[in-house]
Amino acid sequence: MKSAILMAAGKGTRMHSDLPKVMHQVCGKPMIAHIIDQCKKASVERIVTVVGYGHEIIEEAMQGQCEFALQMPQMGTGHAVMQARQLEEEDGLTLVVNGDCPCIQSETLEQLLKECESADMVVLSAVVEDARSYGRIVRKEDGTIDRIVEFKDATDEEKAIREINTGIYCFNNKKLFKHLKDIENNNAQKEYYITDLVEIFNRNGLTVKATIAKNNDEVAGVNDCYELSLADKWMRSRINEKWMREGVTFVNPDVTYVGSDVTFGHDVTLYPNITLTGKTYIGDGSTIMPNCWLENAVIGKNCTIDASRIIDSELKDEITVGPFAHIRGHSLVESKNRVGNFVEFKNNHMGYDSRCAHLTYLGDCEIGSHVNIGCGVVTVNYDGKNKWHTTVKDGAFIGSNSNLIAPVTVGENSFVACGSTITDNVDDEDMAIARARQINKEGYGKAYLDKVRGNK
Ligand code: UD1
Ligand code: CA
């Protein structure tokens, strides 16, 4: 059995934020979610996240992704691990990971698990230029690890050590739980340190190894918003590089934000200043022009999206969107559509080869195929209490500046004259004109203007 305990109960005081530290996002996803994903990739079967400060927020966000243990109050990282009691009886190996190292990769976790097959405890260390406030790795003369000393407890000589503790460990699970009980809190912070287990294991004749990380950026801890930005930058450049190597064109990868769960077809081009997040997919041959925000958006083949926002919606093939369109609320746009500037779709199913080129709101509706929606059409879906549905059938033509007051159905190949306010259903092939008839008054125009302009 492979298990993992993720320590995520601290507030993260140095973030100066009400949000628990591990919920701060790196590449569009909470730090803790990245670690859970990587544990799963390393085939860890049971993951227990130890929560405390703001636990409701973490539990809600990660529901179904892992198990939880509550640590109240937070009395140190050793105390945090003690709370994962549900793992006490498990055999096998257990990873223990600080919740604030979002960049850790599954390959490194796998390596720790492998090394722990011939040890009782493995510590992932790193050799760094600036050891800051990390715990220091103190080695014995024979080169094996002797203990970890926390920065706040370190002598000047120990502070000079550049090999640091990353806060990522692997244990023989039974031995971990046996010796957690031996941790004491006689240190500068009066906390139970998980790091004390190095000394305790050594004292009990168990095998402890420290293995040096290959990439320091991957194992860096995040303690404040600056370090969060460094983690984000590192992960972003990895994600972007991966996709560029798989054939996605990034016009400027430095200002293109692609989340870790975003995927692409081939011959996709991404212009600068766009954010693709959530479970977004961009299909073959599609181009995302500058200034787009796409979140859980599924885009088909050969689409062009320009300066627009698409959330929780799907677009099929050969569609052009924008600039300045907003498609949201589980809209589905069939192929060959044109969604123009200042158009908003909410929960709209837009049929094949239809058009909606300018200044329109279509909410809670079913629009057929080959429908033309003129400029400035509004589906009036909300009466102040309830939302109502609009249906426009195949081949209908809705003239500009018309209001369709829901619930209402406009029939197949029917025609709504521009400027109409439609309150009643329109039958197939009929024409609806719902506006006051125009009156022209001879000479009144000039007479009026002369008056207001003060002409004699
Ligand atoms: C810890 C290590 C330090 C290491 C560093 C790497 C200890 C004592 N020190 O220090 O050796 O160099 O990580 O980043 O472990 N947490 C809890 N409950 C608690 C306290 C902390 O769940 O009672 C969680 C925090 O939410 C955080 C993680 O443990 O995700 C690490 O805690 P933090 O306070 O950041 O430890 P460091 O001081 O960075
Ligand atoms: Ca930390």
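**Charge, shape and the calcium site**

Author: In this predicted model, the mean positions of the 50 positive and 65 negative charges of the protein chain are 4 Å apart. Lys and Arg count as positive, Asp and Glu as negative, without His and the chain ends. This is a predicted model, where local features need pLDDT of at least 70 and side-chain atom pairs 80 or more, while totals for chains, interfaces and linings use all residues. Residues are numbered from 1 along each chain, chains are lettered from A and ligands numbered from 1 as written, and side-chain values use heavy atoms, without hydrogens and water.

Reader: How many helices and strands does the protein chain have?

Author: Helices are DSSP runs of H or I with at least four residues, and strands are E runs of at least two. By that count, the protein chain has 10 helices and 35 strands.

Reader: Which residues are the protein donors of the calcium ion (ligand 2)?

Author: Donors are N, O and S atoms within 2.8 Å of the metal, or 3.2 Å for Na, K and Ca; water is not among the atoms, so sites may look incomplete. Here the donors lie 2.4 to 2.6 Å from the ion: Asp100 (OD) and Asn223 (OD1).

Reader: How many residues apart in sequence are the parts that this pair ties together?

Author: Asp100 lies in the loop between β6 (93–98) and α4 (106–115). Asn223 lies in the loop between α8 (216–219) and α9 (225–245), so the pair ties together parts that are apart in sequence by 123 residues.

Notes. The place of a charge is taken as NZ of Lys, CZ of Arg, CG of Asp or CD of Glu.
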